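The sequence and structure are shown first.

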Amino acid sequence: MFTWLLRRLFQACFVVLAMTIIVFIGVHAIGNPVDILISPEADQAERARVIADFGLDQPLWKQYGLFLNGALHGNLGRSFVFNEPALRLIGGRMPATLELAVTAVLMSVGFGVPLGLYAGLKPNGFIGRSIMAGSILGFSLPTFWVGLMLIMVFAVTLGWLPSTGRGETGELFGLRWSFLTWDGLRHMAMPALNLSLYNISLVLRLTRAGVRETLLMDYIKFARAKGLSPARVVFVHVLKNIMIPITTVVGLELGSTIAFAVVTESVFAWPGMGKLIIDSINVLDRPVIVAYLMMIVVIFISINLVVDILYTVLDPRVRLETKA
Amino acid sequence: MVLGFRAFAWATAILAASTFAARAQSLTIASAAPVTSMDPHYHTLTPNISAHGHIYEKLIDLDAAGHMIPGLATSWTLRDEKTWEFKLRDAKFHDGTPFTAEDVAYSLSRVPTVKNSPASFQIYTRAIVATEIVDPHTILLKTAGPYPLVPADLIQIYMIPHKLGAEPATEDFNNGKNAIGTGPFRFVSYQPGNRIEMDRNDAYWGPKPHWTHVDYRMISNDAARTASLLAGDVGIVEFVPPADLAKLRGDARVALSEVVSNRSIYLWLDHSHTGTMPEITGPNGEVLEKNPLKDLRVRQALSLAINRAGIVERVMEGAALPTKQYLPPGNSNHVNDLLPDPFEPDRAKALLKDAGYPNGFRIVLHGPNDRYVNDAKIVQAVAQMWQRIGVQTTVDTIPWSSYATRAGKQEFAAFLVGWGVNSGEGTNPLRAQIATWNPERGLGTANRGRYSNPAVDTLLDKAMGTMDLAARDKIVLETMKLAMDDVPVIMLHLQKNIWATRKGLTYAARVDEETRATGVVETGK
């Protein structure tokens with residue numbers, strides 16, 4: 001277990017390092033942030049001053065060296081745009097994205113598993129078929145369009161929910177959270193649903209496929225023959241056995257939901273990290289781009305780690321030591 | 001116990017009623033771009049300047065039409081060629097300290113010391129080499145030589161109290177500690193990328209603002225901004241996208257306010273290559289010895305080929321005005337007899353033939369696709385119009401983050417950009433765009449096509465040395481006419497600034513793109 005963890009940690013460091021190099025070269029190739037940020041009225045001397053201030057007059061390898069040196073001291077640089085430490089900037093936006101992503105993933109399990117279970121148990125019924133047809137829509141409709149439709153129906157036409165923004169927030173651990181206030185929850189309902197639609201469909205289809213497959217297994221037949229109640233067969237024997245693929249997918253989807261909530265965030269003007277990263281890419285705010293991607297890599301690696309550990313809990317046959 | 005509960009219920013009811021009354025005068029603004037800082041001297045960015053105008057004030061302000069009006073200064077006069085005298089009004093900062101000449105000197109000296117500014121306000125304070133406080137309400141600003149633009153530059157500089165001390169940190173403006181101005185609203189909170197909340201400044205020197213509370217929200221997605229207005233979540237939205245105009249015009253829940261802006265959209269042409277320009281080839285792809293764009297007739301032909309009225313009507317949905325100059329009609333530096341080029345493709349073909357290109361040539365036309373209103377569509381429309389006079393045009397549109405750098409390197413033969421004249425003053429585009437590129441003198445800084453015309457340069461120098469306003473305006477008009485008739489750039493249109501308000505509200509549409517709560521008026525239900 002220990003060697004396995006150590007090896008994972010080493011791999012993670014390597015991935016982060018490789019990613020920073022790619023970002024440095026990539027941003028450098030796209031263009032010069034100063035050309036975008038500077039006032040169009042600024043003269044050549046002012047332009048030279050900003051370039052020097054940002055350290056962009058240095059050769060790229062030297063800029064990278066300076067960044068690495070700072071990173072080793074826990075300093076990922078200051079945003080070109082906001083003049084605040086990149087990490088603090090991202091940290092300030094993180095609660096908004098985290099609560100949205102977690103709510104969306106919880107919704108995907110809460111809706112996806114029961115619906116999938118039903119569709120798997122009654123595959124030929126009208127409801128079962130409708131659920132499957134609906135899941136195709138959930139897969140294929142573009143998020144931004146669904147988001148706008150939700151706004152048009154629930155905010156503009158019916159007026160039940162606020163159209164955009166984050167609403168009131170409550171404070172917990174010194175951070176602002178929407179789920180602590182009623183107004184915040186009302187603001188969160190539509191973006192969370194919008195973000196979870198794809199995941200609901202995904203979880204639903206996985207569950208259905210798992211159920212269909214498991215129902216044919218000998219141990220299910222045996223359980224039935226033994227005279228166990230249908231409820232026990234479904235909720236213990238079937239459900240437990242299909243949990244492994246679902247856990248993997250939900251875990252990975254949590255990562256990508258956090259990292260790429262950007263479409264939903266911009267449609268609903270949700271002030272999360274996704275909007276920050278897109279704005280930063282548009283103005284080539286390199287410190288923020290690098291810090292953000294480093295954090296996302298770390299999140300993905302941690303989630304994978306948790307998923308691997310969860311496997312051992314769910315399936316006693318899996319042992320981490322053997323992998324190492 | 002019963003009594004206690006009743007008292008509590010009454011108290012709640014009264015409290016609820018009073019919050020309702022307060023809410024009734026609260027305004028929510030939806031702005032189109034994020035405000036990156038609350039430090040008024042940090043970044044010369046229009047969204048920042050627009051938001052800061054609620055909290056801080058400048059010595060000289062602009063009215064909705066773009067004319068200078070007194071701000072914190074009641075008057076400004078020229079003492080001698082190098083000295084300006086500013087008289088200051090009685091005003092108080094939000095913390096109660098009176099505004100004096102010392103604060104002016106402090107604010108001007110603080111501007112160049114702001115750390116890590118990506119676009120410093122120094123360019124507006126650099127001409128002032130010394131300040132002299134005569135009395136608390138009089139200050140002298142001195143320049144090294146005759147410099148007529150001191151008032152125009154000071155339109156950009158917000159005043160902050162001198163008691164903030166040496167080098168106040170930008171962060172402390174963002175958290176509100178230093179966000180102290182004299183403006184009609186006081187800072188309550190700032191959440192980057194989300195919202196700014198402000199309360200009315202009851203001690204304001206000017207007319208008392210109608211709104212007791214302003215919620216300044218940042219909604220950069222066009223569709224979401226329109227939806228939030230239709231849903232009634234916000235009172236006013238700025239930068240209404242042209243695609244929504246037709247729908248909003250017919251919607252009884254919404255009122256529109258619009259004005260022709262100081263932002264022009266035009267095509268830069270390459271003047272830097274005298275010989276072969278890599279992006280321009282002959283009609284069959286052969287290398288051309290000369291850059292055709294150096295010939296005035298070719299530039300005129302390309303301009304005459306464009307149906308500006310068509311672009312304005314179809315691509316811009318009416319949200320623009322065809323132009324041949326940088327400033328809109330009504331501005332004192334607008335040349336009245338400089339009319340937009342007509343749409344005359346036959347004359348354009350004849351001019352091309354005269355210039356020695358009877359079969360046209362091939363050219364690449366570049367445009368950004370995420371910067372100006374409908375930028376990529378405009379470029380496509382122009383390309384088709386050029387095609388019709390025999391100029392085979394290839395369109396290339398890319399995101400601004402990559403475009404901005406490449407456009408400044410003289411790689412492009414023809415490319416679309418825009419220019420907003422914040423000060424509303426005519427030498428600004430002439431100095432930045434039309435003047436010969438000259439790093440030593442800070443001229444031609446945005447002259448991306450490297451146009452150079454000695455006659456224009458001489459006239460512009462003359463304008464910059466003329467301190468008398470009327471005399472200078474006359475020279476500026478002459479310079480503008482001379483320059484634009486030479487077609488250094490192909491002017492297309494001036495954008496319209498459009499705001500949409502909920503029914504019962506109107507906005508005094510501003511030429512400078514700023515959205516100010518004080519301009520939003522209730523017209524009755």
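The largest nonpolar core holds 194 residues, of which A:Ile90, A:Ala291, B:Leu267 and B:Val382 touch the most other members. A nonpolar core is a set of buried Ala, Val, Leu, Ile, Met, Phe, Trp, Tyr and Cys residues joined through C-beta atoms within 7 Å; buried means that 20 or more other C-beta atoms, placed from the backbone, lie within 10 Å of a residue's own. Helix 5 of chain A gives the most to this core, with 13 residues. Another core, of 16 residues, lies apart from it, with B:Val335 and B:Tyr451 among them.

The model is predicted: local features need pLDDT of at least 70 and side-chain atom pairs pLDDT 80 or more, while totals for chains, interfaces and linings use all residues. Residues are numbered from 1 along each chain as its sequence is written, and chains are lettered from A and ligands numbered from 1 in the order in which they are written.

Helices are DSSP runs (H or I, at least four residues), numbered from the N terminus.

| Item | Value |
|---|---|
| Chain A in the contact | 47 residues |
| Chain B in the contact | 41 residues |

Definitions and conventions: Contact = placed C-beta atoms within 7 Å. Buried ≥ 20, exposed ≤ 12 C-beta atoms within 10 Å, placed from the backbone. Helix = DSSP H or I, 4+ residues; strand = E, 2+ residues; numbered from the N terminus.
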